[in-house]
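Below is a set of questions on how some terms are applied to a single chain. Each answer sets a value against its definition.

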Amino acid sequence: MKHFTLVAALVGVLASGAAGAQTLTVGVRGGPDSMDPHYSSLGPNSDALKHIFDPLVWTGDDLQLEPGLAVSWEPVDEDTWEFKLREGVKFHDGSDFTAEDVKFSIERIPTVTGPMTTQIYVRRVAEVEIVDDHTVLIHTDGPAATLPYDFVRLFIVSADAAKDYSTAETAAEGFSSGKATIGTGPFKFVSWEPKGDLVLDRFDDYWRGAAPWEKVVRKEISDDSSRLAALKAGDVDVINYVSSADYLSLEGDPDIATFIGDSVYVMNLQLDQRDDTPLVRAKGGGKLDANPFKDPKVREAMDLAIDRETMVEIVLEGLGTPANQLMPAGFFGSSDAIEAKPYDPEKAKALLADAGYPDGFEVDLYCTNDRLPGDGAICEGLGQMFAQIGIDTNVNAVSKTVYFPAQSRLEYSAFMNGWGTLTGEASYTLGGLAHTNNPDVKMGAFNRIAYSNPEVDKLLQEGSRELDADKRRAAYEKAMELVVADRAYIPIVVLQTVWAGNSDKVVVTPRADEETLAYFIKPAN
């Protein structure tokens, strides 16, 4: 097996030249739910649709901000940002990219967003003012220090192509058919089959330069073993989300290269804070007098029951690190004051007894089994660890197509999923998860557990308005410390991600957001 670190992969990218007309076939664990880039904020949607549509602001491999369709941005007053747009950019139909397309895309999002809303990316926008074809003023609902970070997943569609498909009822037909699937990205839409293949052709007039692949086929193969088998059989050239067990099995295989990168995704346990929660009961099935997850002692007990070192070393075969907060260390707003999480099952049992549950209770725990590396296995591990302290846990690892709609309908009491700080700073994570769900301030859209801490809310609102970076960071760090201490969200592990590919054909540059972008997969020779 050829093994590449991130640095080695980058060297390979720099050394490789442009390829001739080739087809790249990619096996992916999860595909998009729609061809509409404004439908869902889930990673597989962005991963696929970034081939067709460009975001306004780009992020590099380590999620640093870079020019994209916008070449520069700056605040002109406390409620307004000016964005200068890239000139000479063409849509796939040959039309020019202009400020009209930016305004249309921003205003379209609230009309078509799905169960995992993309409104989080435009929540601070009050009005879009066109200055000229390549300048827009974004007026916000107050000081919006993080606006450029929000725009890293603001995909720009063609106003002309999509104008008749700007409602939830019409959008699916327009984008699935290809009529509205006109972007400025490196590849043009050819066809898409849900749960099947997304077929793309190279866009020769792409503003970054033509891609090294004439055609790209992205095959959705949700089963990890089947995806690896397809790679070994030559049916695909590269795969994402190689499982930890499969990664170890590749040792010594000269035909397959692996590429490992640190991920931005943290697996979090989320505990419902409603007075009446549906899927918790006394042992034997009886009704409890109260929701045990509202008791801080119960939440602390569950935190102490998690052996994070075992999760990393045994469940993930070393491909991860123990998590102590909702973001990886070093990200803007992560706190150095938060200590590593201890493992103490005996203290956990004592806390349960003090809380009035000496014999524990029963709970249904839900998670995905087809979204992120090890998601189902980590969930099973949690169930076993909770059982050791007396909490009988019925683990339900289900498809993301079942999990996320049910989560949005607030059907779960305890659930686990990965959350990535995709903008590289804390307002995305804390503003989405930890703020009280409050449409008036446009925060808490992903808070599905009724968590509410007024001090956290105050800090997050102050941080979102603070243009001074040091003051903003301090507000987010304090908010992170409070959220972690409350333990309604319990971080478990930070993931690492493994790609594998035909060693004679491809070199992959790992991205922290785990995206598998064909434009940046380079030929090996």
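Predicted model: local features only at pLDDT ≥ 70, side-chain atom pairs only at ≥ 80, totals over all residues.

Residues are numbered from 1 along each chain as its sequence is written, and side-chain values use heavy atoms, with hydrogens and water left out.

Q: Why is Ser 41 called buried?
A: Buried means under 20% relative accessible area, exposed over 50% and partly exposed in between, with a 1.4 Å probe and protein chains only. Ser 41 has 10% relative accessibility, so it counts as buried.

Q: What does Ser 41 touch, not counting residues up to four places away in sequence?
A: A contact is a pair of heavy atoms within 4.5 Å. By that rule Ser 41 touches Met 116, Thr 117, Thr 118, Tyr 121, Arg 153 and Phe 446. Ser 41 itself sits in the loop between β2 (23-28) and α2 (43-49). Helices (H or I, at least four residues) and strands (E, at least two) are DSSP runs, numbered from the N terminus.

Q: Why does the radius of gyration of the chain agree with that of a compact globule?
A: The radius is taken over C-alpha atoms, and the globule rule is 2.2 Å times the number of residues to the power 0.38. For 525 residues the rule gives a value near 24 Å; the chain has 23 Å, so the two agree. The C-alpha trace spans about 70 × 60 × 45 Å along its principal axes. Buried residues make up 62% of the chain.

Q: What makes a space a pocket, and what volume does the largest pocket have?
A: On a 1 Å grid over the protein atoms alone, a pocket is an open set of points where a 1.4 Å probe fits, with protein on both sides within 12 Å along at least five of seven lines; lining residues have an atom within 4 Å of a point. Grid points are joined across faces, edges and corners, and the volume is the space filled by probe spheres set on the points. For the largest pocket this is about 410 Å³. Of its 22 lining residues, the closest to the centre are Gly 261, Asp 262, Ser 263, Val 264 and Ala 512.

Q: Which strand supplies the largest share of the lining of the largest pocket?
A: β13 does, with five residues.
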